[in-house]
Amino acid sequence: MLEARFRRGLSLTAIAAMAALAACATPEPEPEPAPPPPPPPPAVSLNEGVAQAASIYVAFMRDAATIQAGFQTAESIQAAIRKGASYEPTQLSRGMIAYGSILALQSPEFVQGVRTYAVDPAIRQEMVARIIADPAYAATLPGADAAAGLIAEAIGRDSAIMLAIADAVEEDAYTIQGRSDPRRRWAIVPIADRDVRLQGAKALSAVQMLPSAEEAAKLFAAANSGSGLAVTPARAGPPYTPAVVRSLALAALAALGAGGEDARANTEALTVEQNSEFCLNMSKLMLFQCLAASRPSYEDIFCIGRHVARDLATCTAQNITPAPLATPATEVAGSEPAVVQTPVAAGAAAASASATAALSSEG
């Protein structure tokens with residue numbers, strides 16, 4: 001019994017000693033709460049204004065592609081002139097660049113490459129500021145060659161379609177003069193109301209083009225989802241034309257979540273490219289000059305082929321194909337800042353200066 005009390009005394013002493021040690025020990029600090037995760041990057045965002053501008057280009061080019069050689073009546077020629085003249089050059093140029101940006105957003109490689117910079121808010125803001133200050137910066141981002149390839153392939157297809165139409169229509173201007181062609185009897189007759197026809201073409205050229213609601217909705221969805229357009233994968237390396245650079249910059253802003261409705265001032269500014277607008281404006285001036293000089297219907301056919309179809313082919317190709325570096329550009333006098341007339345546009349203007357006269361001499 002004595003032994004049991006002794007053992008119980010030892011146990012109590014041990015417990016007391018352990019309690020004393022625990023009281024003297026420094027308590028461990030409470031763990032710091034984990035920092036909240038960073039907010040997710042903003043979603044890809046391109047505003048409806050860009051989609052509407054792009055729809056103007058897409059709808060017009062689709063309509064222009066229905067022009068066909070083999071005109072059967074004088075009125076069908078005039079209808080083709082009205083169709084081909086019914087674009088406002090500035091709007092068509094801006095629409096082409098807007099369309100290019102939506103094509104670029106169909107490249108997962110480009111979108112994902114740009115969005116790696118969107119995770120950190122500070123880096124994202126820095127990237128947005130750099131692109132706005134220098135659109136060419138977007139062409140250095142990951143996947144730019146894949147995005148540029150989609151732009152070049154789609155707009156190059158438009159250019160090829162218009163070039164084929166130009167070849168066929170210009171050839172028809174000669175064919176219809178043949179003695180064996182039954183259309184000759186009306187094709188060589190002087191056109192009535194020539195001035196009215198010219199003024200009508202000028203009036204159509206000045207009318208503001210309205211977006212296609214259906215096409216704009218489709219393009220808006222494709223821009224913000226990254227899918228929905230039938231594109232053919234392709235790559236196009238630098239150097240890039242100013243128009244392609246601006247399309248890439250628009251797409252990059254959208255990929256960073258900085259192309260939404262609150263960014264319209266930035267996105268609209270990026271669709272302005274003076275060389276592109278100059279080419280289309282020059283085309284219109286040459287069309288008016290051609291129509292002013294044209295007298296019989298076969299000459300009007302030539303005007304359609306040369307200054308509607310061929311010039312559209314030239315201007316679209318010029319927007320995606322850099323001018324040869326060995327060929328110096330020619331500065332064109334005008335309001336500041338000066339516009340640079342690329343060799344493609346200069347050559348087209350020079351080649352067409354006496355075309356109607358040459359055609360008439362063979363008639």
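A quick word on what's on your screen: it's a predicted model, where local features need pLDDT of at least 70 and side-chain atom pairs count only at pLDDT 80 or more, while totals for chains, interfaces and linings use all residues. Residues are numbered from 1 along each chain as its sequence is written, and side-chain values use heavy atoms, with hydrogens and water left out.

Now show H7 (residues 144-175) and H11 (residues 242-255) whole: they pack at an angle of about 115°, with axes 10 Å apart. Helices are DSSP runs of H or I with at least four residues, numbered from the N terminus. Axes are lines fitted to C-alpha atoms over the stretch in contact, and angles run from 0 to 180 degrees between N-to-C directions.

Next, click on Asp145, which lies in H7. Asp145 forms a salt bridge with Arg235, the closest N and O atoms being 3.0 Å apart. (That term means a side-chain nitrogen of Lys or Arg within 4 Å of a carboxyl oxygen of Asp or Glu.) Arg235 sits in the loop between H10 and H11, so the pair ties together parts that are 90 residues apart in sequence.

Arg235 is exposed, at 53% relative accessible area, and Glu109 is partly exposed, at 38%. (Buried is under 20%, exposed over 50%, partly exposed in between, with a 1.4 Å probe and protein chains only.)

Then hop to Arg183, in the loop between H7 and helix H8 (184-187). Arg183 counts as buried, at 9% relative accessibility. Its side chain joins that of Asp172 in a polar contact of 2.7 Å, that is, a pair of N or O atoms within 3.5 Å; within protein, one must be able to donate a hydrogen and the other to accept it, and residues adjacent in sequence count only if both atoms are side-chain atoms.

Last stop: select Asp167, Glu170, Arg306 and Arg310, which are linked in a network of salt bridges.

How values were computed: Helices (H or I, at least four residues) and strands (E, at least two) are DSSP runs, numbered from the N terminus.
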